[in-house]
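Let's take a walk through a protein model together.

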Amino acid sequence: MNFIVARMEDWDLAAKAVADRLSPGSILALSGPLGAGKTTFVQALARALGSKDKPRSPTFSLVRAYKTAHSAIKQLVHVDAYRIESEQDILPLGLEEYLEDPATVMAIEWPEQISAWLAGQTHVIRMQIEPDKGSDVRRIRIA
Amino acid sequence: MPANPRILGIETSCDETAIAILEVGKTLKIVKNLVSSQIPIHQKYGGVVPEVAARTHVAESVSLITEALGKKGMDAFDAIAVTSGPGLATALRVGIESARVLAMLSGKKIVGVNHLEGHLASAWLNASNRKKWKFPLLALIVSGGHTELVLMKDFCKYKIVGQTRDDAAGEAFDKTAKLVGLPYPGGPQIAKLASLGNPDAFPLPRPMMNDGSFDFSFSGLKTAVRIAWEPWSKMEDARAEQAKRDLAASVQTAIVDVLVEKTMRAAEKYKVNGVLVVGGVSANASLRERMEKAIKERLPKLAFLPSDRAYITDNAAMIAAAGYWRIKKGEKHDWRKLDARPEWNI
Ligand SMILES: Nc1ncnc2c1ncn2[C@@H]1O[C@H](COP(=O)(O)OP(=O)(O)OP(=O)(O)O)[C@@H](O)[C@H]1O
Ligand SMILES: [Mg+2]
């Protein structure tokens, strides 16, 4: 599945399509360079899942959980591994505990930082956001 | 509580392990102020490392508490203030567990303090600020993880009137620095280069500056800086070096413009008597100077109340001070029930 995001509204179209593919336990691995729009996408995803909250960048807080209002998905956990350098450092984030909840989905920015942990997970959906050179346009690829 | 209570402050919410003892009388006396900075580790790793941080917090907090209490032991303090949020539960609990044990053994009062309230109190540690301290006040809290405008109606009575909708101001400094190839932490690097650059060289956006709200948005700067830097990124000559300085100056000015403008407008709207500027980014000289100048020119009756440089970064003296505010209001917590509040809003 591919999307081109030229206007801000396009994020919502992409997020709706992704939301339809998510089921409880899904982990969305969001790759892309600094400022690509990973957090912007998670904000659109929160809207698509009926959340009242607007996620902020979790780069410093590392992990944040948001209530959603979707038939099967009740919680969106937003993780940012940007500052995580070593795999053991994700232990204190308690990601597994979040995933034990039967109605949770997780979106992870900078998943390359914790690739070994991710390799041990099932239900991973990989998504790549690439900005076009010299412009505001973004290309989204979902594996 | 004695007439001049001594508050033991404990802070482990993020990068630093910090322990302090603050004596509150007619004047404030910072009896002890120990900070065991972990910056060298983080520089090596390029960021805060939670697992490493939590483990070092444990070792450091024991040795710092031992050092702070000295021969007096439990007689060195009359009450305990510990940061209980916001932050990573694992790191917070290191400080909280120490505090609980001390409260149980000593039978003394304990209060859980919000880290952001600690930042507010950092401005109150300064004697000349305390003289000008008259509610209502407005505080700009700016750090790597926070950008908030807080209306302070009284001690312990706050309202967030504006905040970032995406990236924090400190995050904007760090990430734009990274985009032009500067090392972590990017804020000080940008400031250093900015002093040699032309702030008008690159036209960067001032997001939400005139939208009427007191909210902020800094994530768009990453896109603007990426596009501005693209033509220069492969070059290494003197012109590219100057372009980097110019871009640093343009970024700093864009961020400071918005911070100052929104703070001034909020100060005007809420008719406050003074403006606090606290948190890690308040170390930025340009922000301090321009905020002070804007107050002098536009709202000259207002007091400018920045925290001392010594108390800008995470420390426990500010936690002890905020704890004192709480205790004075009659607040105390049961050590058995005190726990981390990772998502605690001020
Ligand atoms: N089509 C578009 N037109 C204009 N601006 C856009 C467009 N798409 C995204 N943006 C802007 O680009 C920025 C993307 O920043 P965002 O913080 O979401 O990126 P990120 O991938 O999460 O970065 P980081 O690596 O720092 O986490 C936002 O400010 C967003 O508004
Ligand atoms: Mg992001």
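**A guided walk**

Let's start with H123(A), which counts as exposed because its relative accessibility is 52%. The scale here is simple: exposed means over 50% relative accessible area, buried means under 20%, and partly exposed is in between, using a 1.4 Å probe and the protein chains only. Before going on, some ground rules: this is a predicted model, in which local features need pLDDT of at least 70 and side-chain atom pairs count only at pLDDT 80 or more, while totals for chains, interfaces and linings use all residues. Residues are numbered from 1 along each chain as its sequence is written, chains are lettered from A and ligands numbered from 1 in the order in which they are written, and side-chain values use heavy atoms, with hydrogens and water left out.

Back to H123(A): you'll find it in the loop between α4 and β6 (124–131) of chain A. Helices (H or I, at least four residues) and strands (E, at least two) are DSSP runs, numbered from the N terminus. Most residues other than glycine have a negative phi. W110(A) also isn't a glycine, and its phi is positive too, at about 55°. This residue sits in the loop between β5 and α4 (115–119) of chain A. With 18% relative accessibility, W110(A) counts as buried.

Now for the metal. Which residues are the protein donors of the magnesium ion, ligand 2? They are T39(A), through OG1, and E109(A), through OE, lying 2.1 Å from the ion. T39(A) belongs to helix α2 (residues 38–48) and E109(A) to strand β5 (residues 104–109), both of chain A, so the pair ties together parts that are 70 residues apart in sequence. Donors here are N, O and S atoms within 2.8 Å of the metal (3.2 Å for Na, K and Ca); water is not among the atoms, so sites may look incomplete. Both T39(A) and E109(A) are buried.

Next, look for ligand 1, which lies between chains A and B. It is surrounded by 22 residues, and the closest are K38(A), T39(A), T40(A), S219(B) and K222(B). To count as near, a residue needs a heavy atom within 4 Å of the molecule. An N or O atom in the side chain of S219(B) is 2.6 Å from an oxygen atom of ligand 1. K175(B) has a polar side-chain atom 2.8 Å from a ligand 1 oxygen, and a backbone N or O atom of A36(A) lies 3.2 Å from one. How much of ligand 1 does the protein bury? The answer is 90% of the 650 Å² that the ligand exposes when taken alone; these areas come from the Shrake-Rupley method with a 1.4 Å probe, and for residues only the protein chains shown count as cover.

Last stop: chain B. A cis peptide bond joins G85(B) and P86(B), with omega about -15°. P86(B) is in the loop between β4 (79–85) and α3 (89–106) of that chain. Another cis bond joins Y184(B) and P185(B), where omega is about -5°. P185(B) is in the loop between α6 (169–179) and α7 of chain B. Most peptide bonds are trans.

Conventions:
Polar contact = N/O pair within 3.5 Å; in protein donor to acceptor, adjacent residues only side chain to side chain.
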